[in-house]
Amino acid sequence: MADVPRIAVLTSGGDSPGMNAAIRAVARQAIAGEAEVLGIERGFEGLLEDAVRPLRIGDVGGILDRGGTFLGTARSERMFTEEGLETAVGVLRARGVTGLVVIGGNGSFRAADELHARGVKVCGVPATIDNDVGGTDTCVGFDTALNTIAEAAGKVRDTASSHARTFVIEVMGRRSGMLALYSGLACGADRILVPEVPFDIRDVCRTIVAGVERGKRHSLVVVAEGAAHAMHLAAELSPLCGHQVRAVVLGHVQRGGSPSAFDRILASRMSALAVRALLEGQSGVMAALRYTSVRTIRLSEGYTAERALPQELYDLAGVLAR
Ligand code: F6P
């Protein structure tokens with residue numbers, strides 16, 4: 001009798017809504033392909049400690065619509081050391097793993113590619129609210145985070161209008177302005193500040209004051225955490241603009257919550273594809289959304305290609321913010 005394939009799955013890095021849907025699809029697609037499934041707890045950290053348990057169909061029931069990741073996640077510095085990588089390979093071999101699905105962002109994919117280089121069969125599923133993984137149109141969790149921000153910004157706008165104030169809303173994104181750009185467009189922000197584009201605070205103030213002079217009762221500035229801190233910005237803008245400027249830091253609220261239908265479906269499609277790719281013998285690849293189809297591309301595309309901000313959207317935001 002041929003050996004039964006054994007697929008292991010882990011979630012790594014910052015959690016994102018839809019990770020549970022992804023784990024569920026990995027397990028169920030693998031079982032449909034007559035493979036055994038192992039769940040690894042706390043990402044690569046759990047792998048290094050051999051925190052591994054079998055996953056059966058029922059173990060992934062009732063989680064499709066739940067935020068976070070029931071396997072847990074972590075950021076693992078140890079996976080960037082030779083010793084850590086060797087330990088990880090040893091655990092996977094001892095557990096008889098024939099394919100590993102890594103659900104996470106570009107740092108996790110870098111580590112996954114190192115495992116691939118050491119003979120482990122791996123496939124990535126891009127899941128990060130930052131949406132900064134290269135080669136894919138979008139990542140699992142981005143859509144949900146965007147909707148969370150848009151809803152929060154709408155509430156902020158109500159109180160801003162009531163008091164004729166400006167609000168600076170800080171969203172996540174240390175190196176990437178994707179969340180800021182998309183959420184700024186979705187909530188009609190007057191200015192969107194991203195790490196990729198330098199800004200002049202006097203210019204931001206001019207935009208706000210021009211709006212006030214046209215009779216606007218609220219102004220919203222959406223800033224990515226990597227561009228500036230909302231509190232500092234508000235403190236600087238207030239005297240410059242001559243009216244009250246308040247700050248809201250949305251923080252980790254953006255990462256939680258039930259995944260949108262879009263993210264549930266994307267997670268399911270990408271993860272099922274990842275398992276099928278591994279069962280076919282592919283490795284060193286990641287699932288990617290291109291237009292409306294999912295396909296596999298080289299894992300390295302996910303972490304080497306600089307994910308440029310879509311200029312067209314940035315320009316559009318400038319035109320529409322009047
Ligand atoms: O997952 C990426 C990210 O959401 C970044 O945008 C943010 O800077 C970071 O996570 C925050 O991570 P932590 O949970 O470690 O504070």
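The model is predicted, so local features need pLDDT of at least 70 and side-chain atom pairs pLDDT 80 or more, while totals for chains, interfaces and linings use all residues. Residues are numbered from 1 along each chain as its sequence is written, and side-chain values use heavy atoms, without hydrogens and water.

The table gives polar contacts, pairs of N or O atoms within 3.5 Å.

| Side chain | Ligand atom | Distance |
|---|---|---|
| Arg-75 | oxygen | 2.9 Å |
| Asp-130 | oxygen | 2.6 Å |
| His-252 | oxygen | 3.0 Å |

On its own the ligand has 400 Å² of accessible area, and the protein covers 78% of this (Shrake-Rupley method, 1.4 Å probe).

A separate site is Glu-306, in the loop between helix H10 (299-304) and helix H11 (311-320); helices are DSSP runs of H or I with at least four residues, numbered from the N terminus. Glu-306 counts as exposed because its relative accessibility is 75%, exposed meaning over 50% with a 1.4 Å probe and protein chains only. Asn-106 lies 200 residues from Glu-306 along the chain, and their C-alpha atoms are separated by 11 Å.

Methods. Helix = DSSP H or I, 4+ residues; strand = E, 2+ residues; numbered from the N terminus. Buried < 20%, exposed > 50% of the residue type's maximum accessible area, 1.4 Å probe, protein only. Polar contact = N/O pair within 3.5 Å; in protein donor to acceptor, adjacent residues only side chain to side chain.
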